[in-house]
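Subject: The structure for you to look through

Hi,

Here is the structure I promised to pass on to you. Have a look at it first, and then read my notes below with the model open beside them.

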Amino acid sequence: NYSKLLQSDTITEEQRLEYAQGIDRATQRMTALITNILKMNKLENQQISPKVREYDLTEQVTECLLAFDDVLERKHIDLQCEMDDRILVKADPELLTLVWNNLLSNAVKFTPEGGSITVTVKPENENAVVSVRDTGCGISPETAKHIFDKFYQGDTSHATEGNGLGLALVKRVIDLTGGEISVSSTPGEGSAFTVKIKRG
C-alpha cells in the first residue's frame, strides 16, 4: 500500500517521507524474520557447528551493551551493570553474541520509558552466569512455559516489533553450547533471564 501511495502525484513531501519510513520498517522486520528463520533452520538441522574458543565473556557482554546506548538513552532507561572483570569461557563467541543481543533487545522492548535494566556477569562455581533483568510488563506462568517455543509471542501488543523466533534461537544456541537458560517473572513487575555457561 505504501509503495502504491508513493507513486501518487498528490501526496505531500511529509506523507512521502512517512510512507517511505513505513516501507523501511516493514523491510527491516521482514529481513529479521528471514534471517532468523535461516539461522533456526541451520541450527535445527545441525548445519552450524559451534566454533569453540576461550574468550572474555565480560568483554563480550559489554560490547553488546554498547550497541543499545542510543535506544536506552531515548527511552530514559536506567542501565545497571554488575560484572566481574575477565571471566573466561570456552564457547562459540559468534553464537553467544546472538544470545546476548536477543536478551538485551527483549529487555529494552518490554521495559517502559523511565524503567531500568540490570545486567550481571558473575562466576558461580564452574559456570559463568549472565543475568538480564528488566522492569517491564513481565510474563504469566503460562507464557513462561512456552517462551522458548518458535513463533510464540506472549505479549501481542509488541507483535510488530518481533517475530517470535528470538528466544527460540537463544534456547537452541544455549543447548548447543551445553549451557542452561531459565526465566523468572512477575506480571507487571518485570522478567529476569539467566544463562549459565561453562567457564574456560
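Let me start with a term you will need: a residue counts as buried when its relative accessible area is under 20%, as exposed when that area is over 50%, and as partly exposed in between. Please also keep in mind that this is a predicted model.

**Salt bridges**

How many salt bridges are there? The count comes to six, and I will walk you through three of them.

Begin with E13 and R16, whose side chains meet in a salt bridge with an N to O distance of 3.4 Å. Both residues sit in helix 2, which covers residues 13–44, and they are three residues apart, about one turn of the helix. E13 has a relative accessibility of 59%, and because that is over 50%, E13 counts as exposed. R16, with a relative accessible area of 27%, is partly exposed.

D175 is partly exposed at 40%, and K171 is partly exposed at 28%.

Now look for K198 and E126, which form a salt bridge with the closest N and O atoms 3.4 Å apart. K198 belongs to strand 7 (residues 190–198), while E126 is in the loop between strand 4 (116–124) and strand 5 (127–134), so this pair ties together parts that are 72 residues apart in sequence. K198 is partly exposed, with 45% relative accessibility, and E126 is partly exposed too, at 44%.

**Two loop residues with positive phi**

While you are at that loop between strand 4 and strand 5, find N125, which lies there as well. Its phi is near 55°, a positive value in a residue other than glycine. Is N125 buried or exposed? With a relative accessible area of 62%, N125 is exposed.

R86 also has a positive phi, of about 50°, although R86 is not a glycine. You will find R86 in the loop between strand 2 (78–83) and strand 3 (88–91). At 59% relative accessibility, R86 counts as exposed.

Next, turn to the inside. In soluble globular proteins, nonpolar side chains tend to be buried together. Here, the largest nonpolar core has 39 residues, and those with the most contacts inside it are L57, L96, V99, W100 and L103. Several elements supply at least two residues each, among them helix 3 (57–66), helix 4 (69–74), strand 3 and helix 5 (93–110). Which element gives the largest share of this core? That is helix 5, with nine residues.

**A nonpolar patch on the surface**

Finally, go back to the outside. Y2, L5 and I23 form a nonpolar patch on the surface, and together they have about 220 Å² of accessible area. Y2 is placed in helix 1, residues 2–6. Y2 has a relative accessible area of 34%, so it is partly exposed.

Enjoy exploring, and write back with any questions!

Best wishes

Conventions
Residues are numbered from 1 along each chain as its sequence is written. This is a predicted model: local features need pLDDT of at least 70, side-chain atom pairs count only at pLDDT 80 or more; totals for chains, interfaces and linings use all residues. Side-chain values use heavy atoms; hydrogens and water are left out. Patches are made of residues with over 30% relative accessible area and no salt bridge: like charges are joined within 9 Å, nonpolar side chains (Val, Leu, Ile, Met, Phe, Trp, Tyr) within 5 Å. Accessible areas come from the Shrake-Rupley method with a 1.4 Å probe; for residues, only the protein chains shown count as cover. A salt bridge is a side-chain nitrogen of Lys or Arg within 4 Å of a carboxyl oxygen of Asp or Glu. Helices (H or I, at least four residues) and strands (E, at least two) are DSSP runs, numbered from the N terminus. Buried means under 20% relative accessible area, exposed over 50%, partly exposed in between (1.4 Å probe, protein chains only). A nonpolar core is a set of buried Ala, Val, Leu, Ile, Met, Phe, Trp, Tyr and Cys residues joined through side-chain atoms within 4.5 Å.
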